[in-house]
Amino acid sequence: MTEEVKTADRSAKTRQLLGMKGAAPGETSIWKIRLQLMKPITWIPLIWGVVCGAASSGNYTWTLENVLKSAACMLLAGPLLAGYTQTLNEYYDREIDAVNEPYRPIPSGAIPLPQVITQILVLLIAGIALAFVLDVWAGHDFPNITVLAIFGSFIAYIYSAPPLKLKQNGWFGGYALGASYIALPWCTGHALFGELNWKVVVFTVVYSLAGLGIAIVNDFKSVEGDRQFGLKSLPVMFGVTAAAWICVIMIDVFQAGAAAYLVYLHENLYAAILVLLIIPQIVFQDMYFLRDPLKNDVKYQASAQPFLVLGMLVAGLAIGHAGI
């Protein structure tokens with residue numbers, strides 16, 4: 001085996017472990033297979049959302065207790081509840097994955113369905129239990145974090161499972177995914193360190209419309225299977241080119257709207273930084289995504305998404321500074 005082949009094999013196995021496109025089957029370790037079901041690559045936005053929420057609270061300080069609280073909250077948002085969501089989605093999408101991504105653990109036969117169901121239940125129960133612990137730790141009279149965890153778990157269920165299966169509709173499913181990436185972890189982080197109020201909730205819910213655009217990007221790799229199984233993703237509903245334009249407009253417009261809100265709060269410096277972070281995203285949209293969204297979806301996400309998540313942190317810091 002040549003060095004190039006070995007490198008390609010390692011890359012494919014890493015992609016499989018992280019839950020990325022372009023992976024390869026063949027894993028035999030049951031714990032690695034369980035990790036594959038949880039798609040660790042998807043934990044990052046939710047963990048980052050917790051950071052943004054802590055920033056928007058305006059109360060985060062670098063004490064050992066706060067670091068431990070943050071780590072526990074990230075465990076809740078990422079490995080536990082995002083892991084639950086992804087495993088649940090893998091279970092209900094096993095027939096579609098057999099067409100789109102046959103190397104995934106369930107369609108490849110790497111793990112039996114009863115073990116998948118057990119994993120779903122363990123992650124769900126552990127997540128809600130940790131949410132309750134965080135409420136007690138934060139001294140909440142009302143269990144805000146537990147309610148958010150239960151609500152998020154419910155949204156994850158109706159996103160993947162029949163009869164509602166929100167992902168069958170590109171608009172509802174995309175927004176549910178966007179809100180799960182932005183609003184829910186952001187509000188959780190804010191509630192852990194501050195007082196969660198309606199202004200923060202509304203801001204994150206609206207900001208999640210930019211997350212809808214990010215969710216659409218993930219649909220381009222699944223067009224064939226979605227069409228075959230009647231899932232109305234935006235690329236299926238509007239065609240690849242029109243869906244790509246809808247995607248970038250959603251991403252750019254609602255980030256610009258967030259910048260406008262920061263101006264309204266008289267946080268002009270933060271607003272200017274956020275606008276500057278939108279510009280390279282537009283450049284990468286033109287360079288990669290709009291020219292060939294089927295070929296360049298991963299390349300676009302890798303190049304543009306860091307600017308979006310930095311923009312989220314800037315917005316969080318601005319809200320914390322404004323005392324909203």
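**Entry 1: The model**

I note first that the model is predicted. I therefore record the values below as computed from that model.

**Entry 2: Largest pocket**

I looked up the largest pocket, and its volume is about 1100 Å³. I found 42 residues in its lining, with Thr42, Tyr181, Asn218, Lys221 and Gln301 nearest the centre. The elements that contribute two or more residues to this lining are helix H3 (43–57), helix H4 (64–92), helix H5 (94–100), helix H8 (170–181), helix H10 (198–217) and helix H15 (293–322). I then asked which element gives the most to the lining of the largest pocket. The element is H15, with six residues. By class, I list 15 nonpolar, 15 polar and 12 charged residues in the lining of the largest pocket.

**Entry 3: Second largest pocket**

The second largest pocket holds about 290 Å³ of space. I found 17 residues lining this pocket, and those closest to its centre are Phe151, Ala179, Ala183, Leu184 and Val205. Helix H7 (144–160), H8, helix H9 (183–193) and H10 each provide at least two lining residues of the second largest pocket. H8 has the largest share of that lining, six residues. As to class, I record 15 nonpolar residues, two polar and no charged for the second largest pocket. For the largest pocket, I had recorded 12 charged residues.

**Entry 4: Largest cavity**

How many cavities of 30 Å³ or more does the structure hold? I found three. The largest cavity contains about 350 Å³ of space. Its lining is made of 23 residues, and Leu46, Leu81, Thr85, Ser180 and Leu184 lie nearest the centre. H4, H7, H8 and H9 are the elements that give two or more residues to the lining of the largest cavity. I note H7 as the element that gives the most to this lining, with eight residues. The lining of the largest cavity comprises 17 nonpolar and six polar residues, and no charged ones.

**Entry 5: Second largest cavity**

The second largest cavity has a volume of about 100 Å³. I list its lining as Pro45, Trp48, Tyr181, Ile182, Gly211, Ile214, Gln305, Leu308, Val309 and Met312. H3, H10 and H15 each supply at least two residues of this lining. H15 gives the most to the lining of the second largest cavity, with four residues. I record eight nonpolar, two polar and no charged residues there. Tyr181 lines the second largest cavity, and Tyr181 is also among the residues nearest the centre of the largest pocket.

I looked up a nonpolar patch on the surface, formed by Val275, Leu276, Ile279, Val283 and Met287. Together these residues have about 420 Å² of accessible area. Val275 is placed in helix H14 (residues 268–289). Val275 counts as partly exposed because its relative accessibility is 40%, which falls between the limits of 20% and 50%.

Phe289 also has its place in helix H14. Is Phe289 buried or exposed? Phe289 counts as buried because its relative accessibility is 0%. I also checked Phe289 against Lys199, 90 residues apart along the chain, and their C-alpha atoms are separated by 33 Å.

**Entry 6: Backbone details**

Most residues other than glycine have a negative phi, and most peptide bonds are trans. I looked for departures from both.

Where is Pro163 found? Pro163 is in the loop between H7 and H8. The peptide bond from Pro162 to Pro163 is cis, with omega near 10°.

Lys165 lies in the loop between H7 and H8. I record a positive phi of about 40° for Lys165, although this residue is not a glycine. Lys165 counts as buried because its relative accessibility is 9%, and the buried class means under 20%.

Lys39 lies in the loop between helix H2 (30–38) and H3. Lys39, not a glycine, has a positive phi of about 45°. With a relative accessible area of 11%, Lys39 is buried.

How values were computed: Residues are numbered from 1 along each chain as its sequence is written. This is a predicted model: local features need pLDDT of at least 70, side-chain atom pairs count only at pLDDT 80 or more; totals for chains, interfaces and linings use all residues. Side-chain values use heavy atoms; hydrogens and water are left out. On a 1 Å grid over the protein atoms alone, a cavity is a set of points where a 1.4 Å probe fits but cannot get out, and a pocket is an open set with protein on both sides within 12 Å along at least five of seven lines; lining residues have an atom within 4 Å of a point. Grid points are joined across faces, edges and corners, and a volume is the space filled by probe spheres set on the points. Ala, Val, Leu, Ile, Met, Phe, Trp, Tyr, Cys and Pro count as nonpolar, Asp, Glu, Lys and Arg as charged, and the others, Gly among them, as polar. Patches are made of residues with over 30% relative accessible area and no salt bridge: like charges are joined within 9 Å, nonpolar side chains (Val, Leu, Ile, Met, Phe, Trp, Tyr) within 5 Å. Accessible areas come from the Shrake-Rupley method with a 1.4 Å probe; for residues, only the protein chains shown count as cover. A salt bridge is a side-chain nitrogen of Lys or Arg within 4 Å of a carboxyl oxygen of Asp or Glu. Buried means under 20% relative accessible area, exposed over 50%, partly exposed in between (1.4 Å probe, protein chains only).
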